[in-house]
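Please keep the model in view while I talk.

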Amino acid sequence: MDRYDKIDNYCRMLGHYLPFKYCRTLNKGLPCAKILDCHFENIPIQEFMEKQYTEAEKEKIFMPQPTKLSSIIDLVQKAKQRK
């Protein structure tokens, strides 16, 4: 699994170069949801994903993330419930 870990690539979310290992383990041991977009030019990323992750893991990896606004609203609601 760590065959490509030292390959650096530009991270579009953070704005600088990072090793593949960071991208592969970012999300509690699972890859970043942008891994296909960032690494398709440097490694056979589709093949890597198919071999390394189950369908359930891939669903979790690519599950749509909540928007910032919905996260803020959720935090406000939780704070109100604590009072």
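Let me begin with terms: helices (H or I, at least four residues) and strands (E, at least two) are DSSP runs, numbered from the N terminus, and two strands pair if DSSP finds at least two bridges between them. What you see is a predicted model, in which local features need pLDDT of at least 70 and side-chain atom pairs count only at pLDDT 80 or more, while totals for chains, interfaces and linings use all residues. Residues are numbered from 1 along each chain as its sequence is written, and side-chain values use heavy atoms, with hydrogens and water left out.

The hairpin is made by S1 and S2, with 4 residues between them, and in its turn Gly15 has a positive phi of about 85°. The strands, S1 and S2 (residues 16–19), run antiparallel and are paired over 4 bridges; one of the partners to look for is His16 in S2, which bridges to Cys11.

Now to the rings. Tyr4 sits in the segment ahead of strand S1 (8–11), and with a relative accessible area of 13% Tyr4 is buried, a word that means under 20% relative accessible area, whereas exposed means over 50% and partly exposed is in between, using a 1.4 Å probe and protein chains only. Which residues does Tyr4 contact, leaving aside neighbours within four places in sequence? They are Phe20, Ile43, Pro44 and Phe48, where contact means heavy atoms within 4.5 Å.

Rings of Phe, Tyr and Trp (its six-membered ring) pair if their centres lie within 6.5 Å, and planes under 30 degrees apart count as stacked, over 60 as edge-to-face and the rest as tilted. There are 5 aromatic pairs in the structure, one of them being the edge-to-face pair of Tyr4 and Phe20, at 6.3 Å centre to centre with 90° between the planes. Since Tyr4 is in the segment before S1 and Phe20 is in helix H1 (residues 20–25), this pair ties together parts that are 16 residues apart in sequence. Phe48 and Tyr53 are also edge-to-face, because their ring centres are 6.2 Å apart and their planes stand at 70°, and both of these residues are buried. Tyr4, Phe20, Phe48 and Tyr53 together make up one aromatic cluster.

Phe48 brings us to helix H3 (residues 45–52), whose buried residues are Ile45, Phe48 and Met49. Viewed down the axis of H3, these fall within an arc of 95°, so they line one face of the helix; the arc is that of the directions from the helix axis to the C-beta atoms. Gln46 and Lys51, on the other side of H3, are exposed, while the buried residues pack against H1, helix H2 (35–39) and helix H4 (55–61).

On a 1 Å grid over the protein atoms alone, a cavity is a set of points where a 1.4 Å probe fits but cannot get out, and lining residues have an atom within 4 Å of a point. H2 gives the most to its lining, with 3 residues, and the lining includes Cys11, Tyr22, Cys38 and His39. His39, in helix H2, is buried at a relative accessible area of 1%.

Terms used
On a 1 Å grid over the protein atoms alone, a cavity is a set of points where a 1.4 Å probe fits but cannot get out, and a pocket is an open set with protein on both sides within 12 Å along at least five of seven lines; lining residues have an atom within 4 Å of a point.
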